[in-house]
Structure formats: C-alpha cells, structure tokens
Amino acid sequence: MERIMAIYDVDQTYASRFADFVNQREKLPFTAVSFTSLEKLREYAKSHSIEILLISYEVRKEVEGIEAGQVVALCDGEVVEMKGDCPSVYKYQSGDSLVREVLARYCVQPEAAALTLLGKAAVTIGIYSPVNRCLKTSLALAMGQLMGRTERVLYLNLEEYSGFSRLTQEHYDHDLSDVLYLYRQNACSWLRLKTMVYSWGELDYIPPVRYGEDLNQVDPEDMADLIEKIGAESGYEKLLVDVGQMGKGALPILQVCDVIYMPVKDDCISASKLEEFEEYLRAAGQEKVLGRIQKLKLPYHNSFGRRETYMEQLLWGELGDYVRRLLRGSGGESW
C-alpha cells in the first residue's frame with residue numbers, strides 16, 4: 001500500500017522542492033506529494049490516506065479537519081511546541097536533517113514501528129583483521145565511498161574509539177548507542193533507525209557509539225542479529241561493517257558477513273597473529289568463515305596530511321587506486 005507524505009507550505013516552491021528531494025533521494029516507504037492550496041489538499045485527503053502531513057506552522061489550525069496519521073508543522077523561526085499543538089520542525093535546514101526530524105516525530109507512534117522497506121537483503125561486507133594498525137578503517141571508508149557512487153551503501157563502525165566525529169567534524173544527536181538501546185528494548189525498526197543515518201560524501205552511515213562500553217552491553221550474537229535485521233529491512237544494497245577488536249566476540253558478526261576483507265602485514269608478529277586466528281577458526285569448526293576471508297596487502301603510506309581533507313586524499317592516493325582495482329575485480333594484491 002502506498003503511504004503518502006503530504007506537504008503544504010505557504011511557500012509553494014519550498015513544498016515542491018522538498019517533495020522532489022524526498023522522492024528522489026530518500027528510499028523511504030513514503031511517496032511525497034506537494035500541494036499549492038489548502039483546498040486541493042482537502043480534496044485529495046477525501047480519497048487518499050495521508051500518513052504524514054507537513055504543514056506551515058501559520059496554518060496548522062486550518063487543517064484540523066484533514067485526517068492524517070501524523071501532522072508536523074514547518075516553522076521558519078524558533079520551534080516552540082505549545083500544549084495540544086502538533087510537533088514542529090525547523091524548515092530551513094538540510095534536506096537530510098529535516099527528514100530525520102520528521103521521521104523522529106512520526107516514529108513516536110507505536111504503529112510506525114511495523115513499517116520496513118521491502119526488497120532484497122543487503123550484501124554484508126565485513127572489514128576485519130586480528131592485526132593492528134593495518135589501515136582497516138581507511139580501507140572501509142575508501143571502499144564505502146567508491147561503492148556508494150553506483151550502489152546504496154550503509155557503513156557501520158563497531159570500534160570502541162573510532163575517532164569518526166573528529167574526521168567528519170559533525171555533531172550527532174543520535175548514534176549507534178541509541179540503536180543498541182532500541183534493540184534491547186525490542187523497539188528497533190528501520191524507519192526509526194533511518195532518523196539516525198548521516199551521509200559523508202557518497203556514503204551513508206550510522207555514527208559509532210559515543211562510549212565504548214555501550215558495545216559491551218550487547219552480546220555478540222545480538223549484535224549479529226541486529227546487523228542481519230538492518231541488512232534485511234533497510235533497502236540498502238551493501239552493508240559495510242567495520243568490525244572492531246572484539247576478540248572471539250567478532251566471530252558471530254563474521255558469520256553473518258557474505259565476504260570478509262582482511263588487511264594483513266608481512267612482519268613476523270602480524271603473521272603470527274594471523275596464524276593464531278586461523279587456527280582458532282578451524283578449531284571452532286568455522287571453515288565457512290575462513291573461506292569468506294580475502295586477505296589484502298594494502299599499499300603503505302606515511303600520512304594523509306590534514307584530517308579536514310582526509311577523505312579526498314584517501315580516495316585519490318595509492319589506497320584509493322588499490323580499492324578501485326579491487327572493486328573492478330583485478331584484486332589489487334590479494335592472497
């Protein structure tokens with residue numbers, strides 16, 4: 001069944017452009033329809049079910065007779081919600097931020113939790129290595145950015161201290177800590193999680209946890225289940241999971257990965273760690289996981305310079321070229 005997000009704003013151009021933004025860039029279980037007058041909106045509502053109604057704050061009282069699952073007011077100044085008023089959002093912000101806020105208001109309704117995106121489950125790609133300082137996260141970010149140019153890719157970072165907010169220079173209202181809380185409360189639906197998705201260039205991501213100990217509150221098996229749930233419900237084509245140093249707790253997560261890229265190094269200590277990890281997989285009867293691993297020797301680099309331009313330097317340096325070859329199938333230098 002088609003779910004409608006109806007939009008009426010006193011600025012007709014604004015309503016039309018935001019509807020176009022939702023329909024073209026947001027893979028959501030909604031179709032956005034804009035209206036040039038309240039009369040046309042009322043007429044439309046007589047024969048269509050409206051799930052979300054976005055309305056100018058100035059005329060919010062004039063739509064009280066129109067049935068909608070949730071009414072959200074678009075404000076052009078300070079958002080002040082009075083008792084008995086519909087929830088409000090600030091209209092002059094980025095399209096992604098506005099969608100997140102609207103969905104956050106909508107998702108307070110219990111019935112909204114049942115909405116998911118239908119389609120083929122995402123291919124889950126794990127990035128993991130028992131070896132430290134091997135460019136694992138740099139590989140994941142370069143791969144995600146390049147794949148994101150032709151596919152819908154979601155990146156999850158499961159490290160305790162990712163440094164991600166420093167790289168993106170973003171402040172996050174929600175992150176993976178909130179996702180884990182919702183999961184433990186059995187209130188985790190993709191529509192709710194979509195309000196926590198940000199973009200960095202071509203790559204969509206859920207910000208990593210605020211506090212490393214939040215990862216310890218979820219069993220590895222539950223984390224693996226959450227990853228499978230996101231891959232099945234989100235509508236993304238690829239799910240890129242940057243697996244942290246979780247010890248043996250990484251195994252349940254690696255089991256749900258379709259392929260695992262594993263950066264390795266040549267020194268004797270790194271080689272010994274790798275041999276020990278492979279021995280553990282065999283002893284645990286995890287030959288299937290072992291068979292999904294592709295070991296990669298990544299090109300060495302000294303520095304990418306300033307963190308503000310990290311992604312650009314990453315994509316156009318040796319590592320970026322290596323990943324392009326890998327994604328084309330020539331494999332860079334793969335064992």
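**Charged pairs and buried residues in a predicted model**

Lys136, Glu159 and Asp242 are linked in a network of salt bridges. A salt bridge here is a side-chain nitrogen of Lys or Arg within 4 Å of a carboxyl oxygen of Asp or Glu. In general, side chains of opposite charge can pair when their charged atoms come close. The structure holds twelve salt bridges.

A quick word on the ground rules. The model is predicted, with local features needing pLDDT of at least 70 and side-chain atom pairs counting only at pLDDT 80 or more, while totals for chains, interfaces and linings use all residues. Residues are numbered from 1 along each chain as its sequence is written, and side-chain values use heavy atoms, with hydrogens and water left out.

Take arginine 3 and glutamate 51, whose side chains meet in a salt bridge (3.4 Å, N to O). Arginine 3 sits in the segment before E1 and glutamate 51 in strand E3 (residues 50-56), so this pair ties together parts that are 48 residues apart in sequence. Helices (H or I, at least four residues) and strands (E, at least two) are DSSP runs, numbered from the N terminus. Arginine 3 is partly exposed, at a relative accessible area of 23%, whereas glutamate 51 is buried, at 15%. As for those words, buried means under 20% relative accessible area, exposed means over 50%, and partly exposed is in between (1.4 Å probe, protein chains only).

Next comes aspartate 9, found in the loop between strand E1 (4-8) and helix H1 (12-25). With 0% relative accessibility, aspartate 9 counts as buried. Its side chain meets that of lysine 91 in a salt bridge (2.8 Å, N to O). Lysine 91 lies in the loop between strand E5 (88-90) and helix H3 (95-106), and aspartate 9 in the loop between E1 and H1, so the two tie together parts that are 82 residues apart in sequence. Lysine 91 is buried too, with a relative accessible area of 5%. The side chain of aspartate 9 also makes a polar contact with the side chain of serine 56 (2.9 Å). A polar contact is a pair of N or O atoms within 3.5 Å; within protein, one must be able to donate a hydrogen and the other to accept it, and residues adjacent in sequence count only if both atoms are side-chain atoms.

A salt bridge also joins the side chains of lysine 297 and aspartate 266 (3.2 Å, N to O). This pair links distant parts of the chain, 31 residues apart: lysine 297 is in the loop between E12 and H12, and aspartate 266 is in the loop between E11 and helix H10 (268-283). Aspartate 266 is exposed, at a relative accessible area of 59%.

Aspartate 175 turns up in the loop between helix H5 (164-168) and helix H6 (176-184). It counts as buried, at 3% relative accessibility. Its side chain joins that of arginine 210 through a polar contact of 3.0 Å. Leaving aside neighbours within four places in sequence, aspartate 175 is in contact (heavy atoms within 4.5 Å) with residues including Met196, Ile206 and Arg210.

Finally, there is helix H13 (residues 318-328), with buried residues Leu319, Gly320, Tyr322, Val323, Arg324 and Leu326. The buried residues of H13 pack against helix H4 (136-147), strand E11 (259-263), strand E12 (293-296) and helix H12 (310-316). Just after H13, glycine 329 takes a positive phi of about 110 degrees.
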